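Welcome, and let us take a walk through this structure together. We will begin with a single residue and then step back to see what surrounds it.

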Amino acid sequence: MVSPIDVNWFAVLVATASNMVLGGLWYGPILGKPWMKAMGMDPNMVMTPEKKKAGMNAMLMMVPLAFVTAYVLAHFVDYTASVTWQDGAQTGFWLWLGFQMPLILQGKLFENKKMELICINGSYQLTALLIQGAILAAWA
């Protein structure tokens, strides 16, 4: 049986918030237009109230998903005895490489997603896990 860990809930909440802030920046001012183009959307489209509401609902649904990611990552940070931000980032990297990236690449193999979309989403996931791992280990 896996040993229970003492979860630092504050660190999990900060890691969750970091994921949300990064997502807002990544898919907004940093890579929003290339992402929209890769998704087949017009980057210059007018945002109707319905589209804004749908976007806000999607972002609200991301909060519990980001929380689950941070909570589970906290366990891996503990299991790997990561106590520095570098250790935590390395744990995030290995989890991204072993779990996230293969799943993201399946989008190319089976859903014919554009490689640009794969790169934007994959690099976001990597960056998010690096930051979350660093936060969780630093506050372990």
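Leaving aside its neighbours within four places in sequence, asparagine 19 is in contact with Ala66, Tyr124, Ala128 and Gln132, where contact means heavy atoms within 4.5 Å. Asparagine 19 has its place in helix α1; helices here are DSSP runs (H or I, at least four residues; strands are E, at least two), numbered from the N terminus. Is asparagine 19 buried or exposed? It counts as buried, because its relative accessibility is 7%. The cut-offs for that are simple: buried means under 20% relative accessible area, exposed means over 50%, and partly exposed lies in between (1.4 Å probe, protein chains only).

Before going further, a word on what you are looking at. This is a predicted model, in which local features need pLDDT of at least 70 and side-chain atom pairs count only at pLDDT 80 or more, while totals for chains, interfaces and linings use all residues. Residues are numbered from 1 along each chain as its sequence is written, and side-chain values use heavy atoms, with hydrogens and water left out.

Valine 21 counts as exposed, because its relative accessibility is 53%. From C-alpha to C-alpha, valine 21 and alanine 128 are 9.7 Å apart in space, although 107 residues separate them in sequence.

Now follow helix α1 (residues 9–30) to helix α3 (residues 49–79): their axes come within 8 Å and cross at roughly 135°. Such axes are lines fitted to C-alpha atoms, for helices over the stretch in contact, and angles run from 0 to 180 degrees between N-to-C directions. The two helices α1 and α3 are therefore oblique to each other; angles under 35 degrees count as roughly parallel, over 145 as roughly antiparallel, 65 to 115 as roughly perpendicular and the rest as oblique. The crossing of α1 and α3 is right-handed, a term used if the near helix is turned clockwise from the far one by less than a right angle, with anticlockwise being left-handed.

Which residues of α1 and α3 meet? On the α1 side they include Trp9, Val12, Leu13 and Asn19, and on the α3 side they include Met59, Val63, Ala66 and Phe67. The residues of this contact divide into 13 nonpolar, 2 polar and no charged. In this count Ala, Val, Leu, Ile, Met, Phe, Trp, Tyr, Cys and Pro are nonpolar, Asp, Glu, Lys and Arg are charged, and the others, Gly among them, are polar.

Helix α3 also leads us on to helix α4 (residues 85–111). The axes of α3 and α4 come within 10 Å and cross at roughly 115°, and this crossing is right-handed too. Here Leu73, Phe76 and Val77 in α3 meet Thr91, Gly92 and Leu95 in α4; the residues of the contact divide into 4 nonpolar, 2 polar and no charged. Threonine 91, placed in α4, counts as buried because its relative accessibility is 8%. Not counting residues up to four places away in sequence, threonine 91 touches Leu73, Phe76, Val77, Thr80 and Ser82.

Finally, step back to the whole chain. It has 5 helices and 0 strands, and its C-alpha atoms fill a box of roughly 50 × 35 × 25 Å, taken along the principal axes. Of the 140 residues in the chain, 31% are buried.
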